[in-house]
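Work through the exercises below with the sequence and the model open.

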Amino acid sequence: MKASKLISATFIFTALIVSACATPFTQAPATQMPATPSPTQAAAGETSIVAGEKVKITWWTENPEEQYQQPLIENFVNGCQTDNPNIEIELKFTENLNDVLRTAVQAGSGPDIIQTPGPAFVAEYVRAGLVSDLTPYEQKFGWRDIIFPWALDVGKLDGKLYSLPLTYEAMVMWYNKKTLAANNWNVPTTRAELEKIAEEAKAKGLYPFVNGNAGWKGVNEWLVSTWYNNYAGADNVYRALKGDLRWDDTLFVEAIALLKDYMDKGYFRGGKQSYFATDFPEIEADLATGKGVFDFAGTWAFQNKPVAFTENPDDWDWAPAPSLRDGVRSSFPIGIGSTLSINAASKNPDAAAAVLHCVYSNPRRAAKIIHDFPGEWVVPITLTKEDFPVGTDPRFIRALEALAAASKSGDYGYTTWTFWPAKSDQFIIEQMDAVFDGKMTPEEFSRQLQEIYAQEAKDGKLPPVPSR
Amino acid sequence: MTHTHLPVLFKLSRRTPSLLPNYVILTLLALFVAGPLIVLLFNSLKTTSEIGVNPLGPPIYIQFQNFPDAWNKGNYAVTIRNSVIVVAGTVTGVCLIAGLAAYALARLNAPGFGLFSLYLLVGTTLPITLFLVPLFFLWTRLGLTDNLFGLMVIYWATFSPFATFLLRSYMVAIPADFEDAARVDGANDWQVIRHVIIPIVWPGFLTVALVAGLGAWNEYILAYTFIQNDELKTVVTSFSAFTGRFTRDWGLTSAGAIIMTLPVIAFFLLLQRRFIEGLTQGGLKG
Amino acid sequence: MLTSTSIRPFPTRATPRSSRFIQRVIKPWLLLLPLLFFNVVVILAPSLGTIYYAFTDWSGLGDAQWTGLANFQRLLGDTIFWRAFGNNLIWCILFLTVPIGMALLGASLLANIRRGQTFFRVLYFAPYVIASVVVTALWRNIFNPSMGIGVQLAKLGLLWADIKFLGDSNIVLYSVAFIDNWHWWGFLLVIYFAAMQSVDYSLYEHARLEGANRWQEFIHITLPGIRPTLVFTLLITVIFSFLAFEYVWLLTQGGPANASEMLSTMAYKSAFRRFEAGYAAAIGLTTSVICLVFGTLFVALRRRGWEI
């Protein structure tokens, strides 16, 4: 009697606990989205891909701050529906997009358009046969003439195109003009200048670098990308990506050791514990209020700098991160922030391709979206100053021009989340924590990275790297 | 169980001497619990700029604007409605499914029941990551994604084993004479359940309802995964509207937290005495 | 099996054989059918598929390749796995002591008072009803490294208090456990409190006549009186410790530097970040087996007549 009660109570509670514990993942930013407005609008006489009945194309995208959702609907959804009167677009802002989308697509459903956080993710979808070959559409829509070739090529696997770049970005260094001016500092371009400012800032009780990774472990790879490219040099990173140089080469070991050294010196918010514990809201606030000096982040931050600097909107600016070794030119580590593919299970791939084309077909629309929703839908196409709406922040246009110029000249660096294969990338994100924490030496880190990278190379999992 | 299961009343105060130490320690424990809750309440009454300079203390200027703002931003009117539907459906379904099963397990000993119990134990230690994807696959085929009923069914399955065993332990405790007497009087199964079993174990049902309802209200991995339609989202997703990646309005967040927690607290306050009674009387004593 | 020996036999009556079969077998199972049906559809059937993947190399998308025990061999050599397992053990020890101790203390003190009893009881239970997303957001605010309690105390002169609760890899696991415990212990308290209501009051009177102090009363009367409940909560604590996920994931995702890594967070990251769903399934299965071992051990002890 007692036994059975006890046992049953066990079961009960296990059930309770499983249901209670098996809950949750990240707290991605979330907001409710207003219902999609009625798509019916006067046809503008553009070519329509699908004749006859109205086709519905679904697209799940990241869930941005509330104020950015309506502009996306107005500019993109309505604009594209005008171009394609037979298509109705359902753009859904999705919580925890990556995991939810994966679950759905893996289960054979999900939206027509698959958005991923980078080429490495696409590669997994491709190997599973879950996304369609876009090569025929590439010719049909002439994407090669519109989209920057390097950005288009990143979407290729075994010579076929599987994804398009929704946004491109580069790692830069953000700063507060007033903080620099108040301390008589110039924007540093060399390691010596950077370290001098860092030491002085530290002495004054400021954080030399405001970065922290509590909100996003990926901050580790932002830093590694910058340090690799600006210490070892973009040319050497390219050689290593191509397998002509090893990741445990002294150059890369030294780059990691330098980063670790800065952490130990307390340049990052006073030290590793603060770095590990600090989330983005504090990071942004510290730069805006002058409590910290530099912020190593990507061009996506154009979205949040104006918010953080509401009180002093003229004070923020950006520059390329300084060169970290004599003889190495500073470069923009460039990357793809998110990609677009067509679900192999889509019933209307042609219409989905037409929707994809809308992202690139109209420079003014693209520029308007960039203006309204800065940072996350920066499509890699040629945009001129005239394309941007009046009042677009000149600092932003300057950045886009610099990025476009680097894109065209081929003189750019490489971000880990675009040009490294998935497991190597995850290794960098996770194990840089261990390096910072003193649990792993830069040598050990580099050795293990080389091992994983070599294995992935052997398995044919390297993403395409355009020739330099 | 050797002792009676009827509640024994009026024996709470066991000793007259020196209750002061009790109150001192209980108050310390209460402060530990209440401190963070008070911070939450304080912050819900502050502006963002005040929280910047005064993150933990009492508000200097009390303002209630965060509450209507949070209500609108979180779209609570919609999500609370959905959650109430899900909770009601979950509670009803779980009580029904578990009630039937518990009766069978407690009163009708059929071959294979031991094995069945073992199965439930095994089944409940499987982490959710293990069955999420196949379940989604199935639910898509059945048209149960983006569907409050579909979510309810998942909750039925995940909460019912707990409920079953809880209710079973209440039912096992009912003296067999009660049931036999009714049967001698010619009562059928249904009448036995209705007139003998349910009146005795209803505090157990209440406990089950509370735990399952709480689970359905607060659960979010399944709610995120299976509901994409904004019109069908549950109250937990409202809360995520406040936790933006790059900016965080703690005043609004706190108000949002309170809005989503208040109904549950109120509900518990209403039921707490019965809940304790239920626990005392039945089940959880092993 | 497990329960059959202890079930009160159903009163037998003289009925024809077939009808008795219906009564004894068909009807009981019919009553179980809804439970069985939903469980199989939602949990068992989907899980079986995934258990298969524990023995494969599977990215989580597309085809899986049978690799036998390779995932488990890899697990044994994976330092992060052992780290996570160790953390689960620490978690287990923490939760077997701190919340249970607090709950026992609180419940026994509460059982003795009348004034304010309801107030305390409701207050202690309140954190349990709050959603994990809210609890973790609240504590992230309190533990905030720039403006949280550590910084505020440091401003008051207590410089040692400026602790990065969620950033220091030496204490992060304890910080997360502390937060989880804040919401958990009140639930245990209410359970113990309820159990204590059933302890025979005359035992206390006898003890007092014999001059027992409070501690002796607690040890010799209260604890034995609630032993089944206590042992039961110990068991669920053990199982819960190996499944713990939610609070760790919401607060640290296992970081920094794997300092708060759990089997569950490791499995989640393998499945959704590293495209190693087969490996993740192996971790999940291992976790289940660990839980099952503890559960069976408990059952076995109980059947051997241990008075627990």
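Predicted model: local features only at pLDDT ≥ 70, side-chain atom pairs only at ≥ 80, totals over all residues.

Residues are numbered from 1 along each chain as its sequence is written, while chains are lettered from A and ligands numbered from 1 in the order in which they are written.

**Exercise 1. State the confidence of the complex and of chain C.**

Step 1. For the complex, the predictor gives an ipTM of 0.84 and a pTM of 0.85.
Step 2. The average pLDDT (the predictor's confidence in each residue, from 0 to 100) of chain C is 86, and 92% of its residues score at least 70.
Step 3. Residues 1-14 of chain C have a pLDDT below 50, and this stretch makes 29 contacts beyond near neighbours in sequence in the model. Two residues are in contact if their C-beta atoms, placed from the backbone, lie within 7 Å.

**Exercise 2. Describe the fold of chain B.**

Step 1. Count the elements: chain B has 12 helices and zero strands. These are DSSP runs numbered from the N terminus, with helices being H or I of at least four residues and strands E of at least two.
Step 2. Turn to burial: 54% of the 286 residues of chain B count as buried. Buried means that 20 or more other C-beta atoms, placed from the backbone, lie within 10 Å of the residue's own.
Step 3. Among contacts in chain B with a separation of 6 or more, 78% join residues 24 or more positions apart.

**Exercise 3. Locate the domains of chain B and describe where they touch.**

Step 1. Chain B is assigned domain 1 (15-63) and domain 2 (67-285); the bounds come from an automatic or database domain assignment.
Step 2. The C-alpha centres of these two domains of chain B are 31 Å apart.
Step 3. Eight residues of domain 1 of chain B contact seven residues of domain 2 of chain B.
Step 4. On the domain 1 side, helix 1 (20-44) and helix 2 (48-53) of chain B each give two or more residues. Helix 1 of chain B provides the largest share, four residues.

**Exercise 4. Describe the contact between chains C and B.**

Step 1. Chain C contributes 89 residues and chain B 81 residues.
Step 2. On the chain C side, helix 1 (residues 17-53) of chain C supplies the largest share, 19 residues.

Methods. Buried ≥ 20, exposed ≤ 12 C-beta atoms within 10 Å, placed from the backbone.
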